[in-house]
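Reader: Could you take me through this model feature by feature, giving the general idea before the particular case?

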Amino acid sequence: MASITTSASFAPTPRSSWLTRLSHFGVSGWVGLAIVVFWASAAIFGPALLSRTGAAGGGAVFAPISAAHWLGTDYLGRDMLARVIEGARYTVGVAFLATLLASGVGTVLALFAAASNRWIDGGLSRTLDTLTAIPSKMFALLMVAGFGSSIPMLVITAAIIYMPGAYRFARALAVNVNALDYVTVARTRGERTLYVMLYEILPNIAGPMLADLGLRFVYVVLLLAALSFLGLGVQPPAADWGSLVRENIGALADAGASVIAPSAAIASLTIAVNLVIDNLPGRVARERGAR
Amino acid sequence: MGSPVVVDNLTVRAGGATLVDALSFTIRPGEVLALIGESGSGKTTTALALMGYARRGCRITSGSVRIDDVDVLSLAPRQLRALRGRTVAYVAQSAAASFDPSRTILDQVVEPACLHGTLPRGEAELKAIALFRELALPEPETIGQRYPHQVSGGQLQRLMAAMALITDPAVVILDEPTTALDVTTQVEVLRAFRRVIRERQVTGVYVSHDLAVVAQMADHILVLRDGRMRELAATEPILVAPQNEYTKSLLAAARPAPRVVAEAPDTDVLLRVRGLSAGYGPRTRQGTASTMILEDIDLELKRGQSIGVIGESGSGKTTLARVVAGLLAPCSGTVEFDGRPVKPTLEQRTREELRRIQIVFQSADTALNPSHTIERILARPLQFYKGLQGDALRARIDELLDLVKLPRNLAQRLPGGLSGGQKQRVNLARALAAEPDLILCDEVTSALDTVVAAAVLDLMADLRRALGVSYLFISHDLHTVRAVCDEIVVMRHGRKLAQVARADYERGPHHPYYEELARAVPELRRGWLDELDRRASAVAA
């Protein structure tokens, strides 16, 4: 693989290309990016900055917003701001890992299927189609029933559920690219399948795959929230945003901050990620071209 | 009877760029004006402006277009809609892309008449059938019942002309109507077009980059470059005594002179193909494919020689190249390279064998990876076959760019930033990087303008002289093949019909199909098509 690493030296420097990419962002893109960065830093640094942890309870139950409790308190009198920020770790972290796994594995398998012969392609596609046929919540229930609920388990479950979708999408793109003359030229040169996959096909499907990655992130967040709402996700006392909504469902009748805050957090993250996707440079360029 | 068209000071802009710059010309009623130039010269933009239409992002900024007494550019959108398809009709380059695949042909051909209310549906259908007959379409009564994919490209192009003529327009705009067709089909379509245009005395605008075609169709020729008029004169004077330098270069490119390469006497045979059959689809028990493309091909190519393979689309010429390159395993027969039989598939061939045969594809747009820089595209074969690195690699890339006459600073660009001709040069340079013995050239100049194509042919002849490479040159254009090849192999329906050596190009008698192909190439003089017609009718009588 030595030859592959040397050819990588001709790639443009990553820093400059990222700067030019960001300069294409519209206002909505920047707003989305700011919210995503906010939640990411909340997940990483938030708990360290808080004056109290979400574990400390004992105050008034379902207290309204006040100077002491910026987002009120939950059904056990714990500080809601601390709970939401600690929950960000689970929601953002688990969803991020699961999405990376799903899209990464899906893309690699898709590239392999597209660049290989039709037997491998057919075998892989049918196997993953079978996975798609299982309802996602049902599958998650089975996994939790079989292996118990833990963070690694959740990541793997969500990754398996969303991998076939990423595979389908990437394969559809890769098959088209694979039929182009430059791939044929690479093959007549005697290139191996791995080179064709990574250097001829992947760069030309990366744009749409990134957009798909963002979309998949949103799905995973929603799946995790749904699982936690059912009590199958993150287990108490730890809580992701979905569990926070379920725990504090009692405050719904009073429109309490303790149920609204985690719901708003889920909504803001998913919308923000979509805003970023919509402003990805490849997509903006395509729409400009179409206009 | 057609209407006069007067264009005065027409200017079209897109953003900061001027696409058409202060163009003025007049077409007398019933005459045909040809707009000629390379791609990007603004000829289609001008033609569209005659209908008061500017493509997205373009704006007609000044000037006037008068058809009869109507100032087209000052019309309201409603009036423009009444004008288009009624007074001015347009025949686009790709009829296949212009027909709706889900509706029958007749349904679409009568549409302009129904839309503009010139004829009731029943009469329009009768008129369409009359037009089909006039355009020499087969089975005029029933061809309209078919769907667009059920007729050939040449027929579809004529059907589109029928659609344009059904409202009896005063002006017809033909935008490269035969560019996508084979030579033999092109002749039929040109004949049909010319007859209807003459009989109806409509005013015509014929957009093309092919001077020889234009010479048969037009009364006047307007030469465009970069949106400016270079020359405007009657057809005869332009062909005989062009005034403008650019017109002269167009004329020179349209008559490709043979690029003679002193042939090395009796070198050894580099490529020998014997009894080759190949096809696509699952194999039957007898070892033949379900769809056979090539049958029993024999071919011999000597070292340093250049052989042209010609035939219309579907004749199997590209499949031949794919078999030699190892992309398709033959069903029977052998391919010998440099005295040794080569393995049928890519996987079985050694890297050294692969290096010695390189393939160059027709469309440089799809042959270069759009996300790799030129440097990286050229570097890969050098690293792959020779293991070059660092300074040696960079030096070799510079050499290659010099060899194909491209500036060295192009190396950092992506293919998207190059012109068609430049891309095709990079395409060639990549093949040369492997230092092959044989280059398979699949229609390498078909997608290029005449002038650019001529430059690429020159380059290929130079390279052959300098490096001693051999070419298997696949094309449907007899002119190009004659210009660069020592021998011509004529193929039809997957069989080799004839092989003609350079010395015998002008001497007959040849295989009738070769004669037919040779006759079908438009000659750069007026009246060529008339002579062809006369000869055809003499044979018929």
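Reader: Which conventions should I keep in mind?

Author: This is a predicted model, in which local features need pLDDT of at least 70 and side-chain atom pairs count only at pLDDT 80 or more, while totals for chains, interfaces and linings use all residues. Residues are numbered from 1 along each chain as its sequence is written, and chains are lettered from A and ligands numbered from 1 in the order in which they are written.

Reader: What does the secondary structure of chain A come to?

Author: Helices (H or I, at least four residues) and strands (E, at least two) are DSSP runs, numbered from the N terminus. On that basis chain A has 12 helices and zero strands. Of its 291 residues, 42% are buried, where buried means that 20 or more other C-beta atoms lie within 10 Å of the residue's own, exposed means 12 or fewer, and partly exposed is in between, with C-beta atoms placed from the backbone.

Reader: How many residues does helix H7 of chain A have, and where does the kink in H7(A) lie?

Author: The expected span of a helix is 1.5 Å times one less than its number of residues. Helix H7 of chain A (residues 151-178) has 28 residues and reaches 38 Å from its first C-alpha to its last, close to the 40 Å expected. The bend at a residue is the angle between axes fitted to the seven residues ending there and the seven starting there; in H7(A) a kink of about 35 degrees lies at A:Tyr162, shortly before the proline A:Pro164.

Reader: How many residues of chain A are in contact with chain B?

Author: Two residues are in contact if their C-beta atoms, placed from the backbone, lie within 7 Å. By this criterion 16 residues of chain A are in contact with 24 residues of chain B. Helix H1 (2-7), helix H8 (181-189) and helix H9 (193-229) of chain A each supply at least two residues of the side that touches chain B, and the largest share, seven residues, comes from H8(A).

Reader: In what order do the six strands of the open sheet in chain B stand?

Author: Strands of a sheet pair through backbone hydrogen bonds, either parallel or antiparallel. Here two strands pair if DSSP finds at least two bridges between them. The order in chain B is S16-S17-S18-S13-S19-S20, with mixed pairing. Strand S16 (357-360) and strand S20 (495-501) of chain B stand at the edges, each with a single partner strand, so one side of each is left without a neighbour in the sheet. Within this sheet, S13 (residues 306-310) and S19 (residues 487-492) of chain B run parallel and are joined by four bridges, with B:Val309 opposite B:Val489 in S19(B).

Reader: Which strands form a hairpin in chain B?

Author: S11(B) and S12(B) do, with five residues between them, and B:Gly287 in the turn has a positive phi of about 90 degrees. Nine bridges join S11 (residues 269-283) to S12 (residues 289-302) of chain B, and the two run antiparallel; B:Tyr280 has B:Thr291 as its bridge partner in S12(B).

Reader: What is the phi of B:Ala22, and what is that of B:Glu139?

Author: Phi of B:Ala22 is near 45 degrees, a positive value in a residue other than glycine. B:Ala22 lies in strand S2 (residues 17-27) of chain B and is partly exposed, with 14 other C-beta atoms within 10 Å. B:Glu139, also not a glycine, has a positive phi of about 45 degrees; B:Glu139 sits in the loop between helix H6 (121-134) and helix H7 (153-165) of chain B, and B:Glu139 is exposed, with 11 other C-beta atoms within 10 Å.
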